[in-house]
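Please read them with the structure open.

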Amino acid sequence: MKKTSQLKHLIHSQHLQFLMEAHNGLSARIVEEAGFKGIWASGLTISASMGVRDNNEISWTQVLEVLDFMSDATSIPILLDGDTGYGNFNNSRRLVKKLEQRNIAGVCIEDKLFPKTNSFINGKSQPLADVDEFCGKIRAMKDTQNDEDFVVVARVEAFIAGWGLQEALRRAEAYRAAGADAVLIHSNRSDDTEIASFMKEWNGRLPVVIVPTKYYSTPTDRFVDLGVNVVIWANHNLRASVDAIQKTSKQIFRDESLVNVESCIAPIEGIFRLQGVDELQAAEKKYLPQAISNQGDR
């Protein structure tokens, strides 16, 4: 099944589905090996992995380069966190064209202004996009896609901005009418109050995606009861790796030795496996003259 079709199937599944964050080819492969059926290519974690802020400080072409490696490394679909679409409708439709060329299954855009700021940083001070302008982006993106199963998710930031339930519903309905395949309703509360209120009024008009980073203690069964379609675990692989790198670096700096960390980190053979070294060695035997192949092993 095409990656686009896989993602569309997940969004319309009768069972709650999950996307896991990845930010480069290696983490994407790990996510697939863990058993996840789809990947969230997070704008926050891709930016952070490059050492910059989640404020469109890396260009969309740099994001595409990362996606190239992520797509090549995996067989499951990738949903890109496309921020605001990197500009107006014209930038957004060009983005769709380039994503399809790289076998990316879908993109999520949020109704804020370019350059965006992460939703968990002073969310109520962030202006939202004009609804009609954002709907134009959605229509342009859907008109541009060549693959009918390519997914466009419209992310509603009304709760983040403090604009309340009615504005969230108004925007979500407008985005549905404009052709979005799903809506992502975002909240920075530590409980599911806003999500629950939205789901009750929304009543299944279109698939709903959520990102429970702040309300992480909410039982997953609760999301099933509310009728949520997809849950995104949005940034946890990067956060886990940062914690591990900090601890390992401090230990080695303090000890001036590897003796206390070697048993606590992945074996080098595990890295080779994730890189696909076995496949290359088999290919060398198939395609290289034996003498050259033996030289490469030295």
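**Notes on the predicted model**

1. Thr117 is found in the loop between strand E4 (106–110) and H6, where helices (H or I, at least four residues) and strands (E, at least two) are DSSP runs numbered from the N terminus. The model is a predicted one, in which local features need pLDDT of at least 70 and side-chain atom pairs count only at pLDDT 80 or more, while totals for chains, interfaces and linings use all residues. Residues are numbered from 1 along each chain as its sequence is written, and side-chain values use heavy atoms, with hydrogens and water left out.

2. With a relative accessible area of 24%, Thr117 is partly exposed; in this scheme buried means under 20% relative accessible area, exposed over 50%, and partly exposed in between (1.4 Å probe, protein chains only). Its neighbours within four places in sequence aside, Thr117 is in contact (heavy atoms within 4.5 Å) with Asp54, Asn55, Lys112 and Gln126. The C-alpha atoms of Thr117 and Arg53 are separated by 8.7 Å, although these residues are 64 residues apart along the chain.

3. Four aromatic pairs are present in the structure, a pair being rings of Phe, Tyr and Trp (its six-membered ring) with centres within 6.5 Å; planes under 30 degrees apart count as stacked, over 60 as edge-to-face and the rest as tilted. In one of them, Phe18 and Trp233, the ring centres are 5.6 Å apart and the planes lie at 10 degrees, so this pair is stacked. The pair links distant parts of the chain, with Phe18 in strand E1 (residues 17–22) and Trp233 in strand E8 (residues 230–233), 215 residues apart. Phe18 counts as partly exposed at 26% relative accessibility, and Trp233 likewise counts as partly exposed, at 25%.

4. The rings of Phe198 and Trp202 are also stacked, because their centres are 5.3 Å apart and their planes are at 20 degrees.

5. The axes of helix H7 (residues 164–178) and H8 come within 10 Å and cross at roughly 50 degrees, where axes are lines fitted to C-alpha atoms, for helices over the stretch in contact, and angles run from 0 to 180 degrees between N-to-C directions. That angle makes H7 oblique to H8, given that angles under 35 degrees count as roughly parallel, over 145 as roughly antiparallel, 65 to 115 as roughly perpendicular and the rest as oblique. The crossing of H7 and H8 is right-handed, meaning that the near helix is turned clockwise from the far one by less than a right angle, with anticlockwise being left-handed.

6. On the H7 side of this contact are Leu165, Ala168, Leu169, Ala172, Glu173 and Arg176, which meet Ser197, Phe198, Glu201 and Trp202 in H8. By class, the residues of the contact of H7 with H8 comprise six nonpolar, one polar and three charged; Ala, Val, Leu, Ile, Met, Phe, Trp, Tyr, Cys and Pro count as nonpolar, Asp, Glu, Lys and Arg as charged, and the others, Gly among them, as polar.

7. Helix H5 (residues 89–101) packs with helix H6 (residues 131–144) at an angle of about 35 degrees, their axes being 8 Å apart, and the crossing of H5 and H6 is right-handed. H5 contributes Phe89, Ser92, Arg93, Val96, Lys97 and Glu100 to the contact, and H6 contributes Gly136, Lys137, Ala140, Met141 and Thr144. The contact of H5 with H6 has four nonpolar, three polar and four charged residues.

8. Two backbone values deserve a look. Most residues other than glycine have a negative phi. Asn103, in the loop between H5 and E4, has a positive phi near 65 degrees and counts as partly exposed at 42% relative accessibility.
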